[in-house]
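Here are my notes on this one, as numbered points. Have the viewer open while you go through them.

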Amino acid sequence: MKFMKLGSKPDTFQSDGNNVRYVANELATDITVTVMDVKFYLHKFPLLSKCACLQKLVASSNDENSDEVQISDIPGGPVAFEICAKFCYGMTVTLNAYNVVAARCAAEYLGMHETFEKGNLIYKIDVFLNSSIFRSWKDSIIVLQATKSMLPLSEELKVVSLCIDAIATKACLDVSKVDWSYTYSRRKLPEENGNDPNFNGVRSRPVPKDWWVEDLCELEIDLYKRVIMNIKAKGILSHEVIGEALKAYSYRRLPGFSKGVIHSRDVAKYRSTVDTIVWLLPADKGSVSCSFLLKLLKAAIIVDSGQMAREQLVRCIGQQLEEASVNDLLIRAAEGEDVIYDVDTVQKIVKEFLLQDQSAEIESEENEVQEIQRPRILSDASKLMVAKLIDAYLAEIAKDPNLPFSKFVDLAEMVSCISRPAHDGIYRAIDMYLKEHPGINKSERKRICKLMDCKKLSVDACMHAVQNERLPLRVVVQVLFFEQVRAAASSGSSTPELPKGLKDLNSGSHGSSRSAATNPEEDWDAVATAEELRALKGELAALRLANGVGGNERNGGDSRNSDDKAAISKMKSLLKFRRIFTKIWSSKGAQGENSGSDSSESLGSANMEEAKSTPSRNRRHSVS
């Protein structure tokens, strides 16, 4: 730490109790200066020769009280006044980063200018500030913190602005010119502590570009804002370094920020901090991580930040949503809400993400809507990552028993336009929702199942689906058919033709040879019974076995036998599928209007673990 000594005489100031200070001198004191509640018994000559303010006060007082002066509003109080008084006496005074601001403001108050007395205190303090304090990284930060208690005079004297500029200039220095002694908040390395036996006195570790970010976390938010603005204005440091500084400050100044919560009763203070950090965020995409932005959004919601701050965060998050994780997106709903998570905010984020890939429409002066083609900046990989992210997010929020059906479906439909090779993720989310919300009606169950494409389910997902009592029979049969298609393709045979009943099902046709008293559409949308699922499971196993045998025989025979056996295998598989299809259809017709269930237990877990049959659930219950 830099310091400066003024004067050469010994310090003879002494105390008489807590509120009396005097100079031990052979001469009797002839003036009493009262600073707040402390009385100073001093001599007029050394004081009045250097302090224009005291000279005026003594001259303006009446003759009876000419030796008593009241000073109640001097910056720095009795301590700062005593420094100025000692300087007037020529006594030794030590100035450092902790007391120089108070001494400078007190000297200004007392009028200790160079024009009043050559070599006065103000001149000497200004020289110390410019030659020592503002050249030291650590001292500049200490002085800047000290200016806060001296406002507004420290601002008027430009001590604040000069200190901010000095800090910003040092932060923007080329790292090759930065010495580790500048930093004092970082943990030192072994070689810096002198504990490394192999350290030869030469620093081998390069200085990082963000070496300064932790030190600035000591500043209050208003001063921190001005420093960062000054650094940004210089245009030397990258946006990533600025982002790292904001991240470090957030973690230091917002308790619980790393966990997405704020632990403090001073909501107004932390609201100001959050709003300022949001305002300081660099505009460039990728300056800060998506995870940090989502933590900042959670904090903004907790402290009830303004709408503009939230909207800015939503836009920034939407531009790099592919970087987020499910835990990042789990934003707690406000107190008093029935749901656990804030799904509406996530919908806004997804909307911002998708807007990057759309054309913009503007209204011209003639009220004509014109479309502006913007370059599509979203890659297929980014869209696929977001689709998988939302699938996983849906699986998590589906566990909320109070989650409205519309919120789940609307969010899922937002990413339905994104093509993905596998639909296991959305299937898991749908299965979880059906498990936690057994009371949804048939139309809702049908709509939610339309979100997935049975053709894109993996083998494990198909095995889980054909045993899933929560799925409508329509979905189970589709899964079984497409598994047959997959098996046929793996055996080298052509894809089997879709049975007419399934064609009618997919096209929405209600035509059937059955009695008009039954509704085939309701039968297909009803939940499959355990007996039907066991039959479908057996069919699936038979298909796999048939294809396995066919494959082995082909490996041992010639090409002609292979073609014949492949055709036979295909016909057998197709006939088996038609038989099981007819069996299920007849079973549904026999049950009539009593088919359908919304409250069956799972045969498989949400994680698609190996399912176990539940015979006790064979009986089905009808719902209105």
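1. Let's start with the lining of the second largest cavity: its residues split into six nonpolar, four polar and two charged. Keep in mind that this is a predicted model. The cavity itself comes to about 60 Å³. Searching the whole structure turns up three cavities of 30 Å³ or more.

2. Next, the largest pocket. Its space is about 780 Å³. There are 28 lining residues, and Ile301, Ile331, Arg332, Asp342 and Thr345 sit closest to the pocket centre. Which elements put two or more residues into that lining? They are helix 13 (290-302), helix 14 (307-319) and helix 16 (343-355).

3. On to the nonpolar core. The largest one holds 165 residues, and Phe81 and Trp212 have the most contacts inside it. Helix 13 is the top contributor to this core, giving nine residues. As background, nonpolar side chains in soluble globular proteins tend to be buried together.

4. What does phenylalanine 81 touch once neighbours within four places in sequence are set aside? The partners are Val33, Val35, Phe40, Leu42, Leu54, Ile71, Ile74 and Leu110.

5. Is threonine 32 buried or exposed? Threonine 32 counts as buried because its relative accessibility is 14%, below the 20% cut-off. You'll find threonine 32 in strand 4, which covers residues 31-35. Leaving out residues up to four places away in sequence, threonine 32 is in contact with Lys39, Phe40, Tyr41, Asp67, Glu68 and Val69. Phe40 is also on the contact list of phenylalanine 81.

6. Finally, the overall numbers. The protein has 624 residues, and 48% of them are buried. Its secondary structure amounts to 26 helices and nine strands. Among contacts with a separation of 6 or more, 72% join residues 24 or more positions apart. The accessible surface is about 31200 Å², with 50% of it belonging to carbon and sulfur atoms.

Notes: Residues are numbered from 1 along each chain as its sequence is written. This is a predicted model: local features need pLDDT of at least 70, side-chain atom pairs count only at pLDDT 80 or more; totals for chains, interfaces and linings use all residues. Side-chain values use heavy atoms; hydrogens and water are left out. Helices (H or I, at least four residues) and strands (E, at least two) are DSSP runs, numbered from the N terminus. Buried means under 20% relative accessible area, exposed over 50%, partly exposed in between (1.4 Å probe, protein chains only). Contact means heavy atoms within 4.5 Å. On a 1 Å grid over the protein atoms alone, a cavity is a set of points where a 1.4 Å probe fits but cannot get out, and a pocket is an open set with protein on both sides within 12 Å along at least five of seven lines; lining residues have an atom within 4 Å of a point. Grid points are joined across faces, edges and corners, and a volume is the space filled by probe spheres set on the points. A nonpolar core is a set of buried Ala, Val, Leu, Ile, Met, Phe, Trp, Tyr and Cys residues joined through side-chain atoms within 4.5 Å. Accessible areas come from the Shrake-Rupley method with a 1.4 Å probe; for residues, only the protein chains shown count as cover. Ala, Val, Leu, Ile, Met, Phe, Trp, Tyr, Cys and Pro count as nonpolar, Asp, Glu, Lys and Arg as charged, and the others, Gly among them, as polar.
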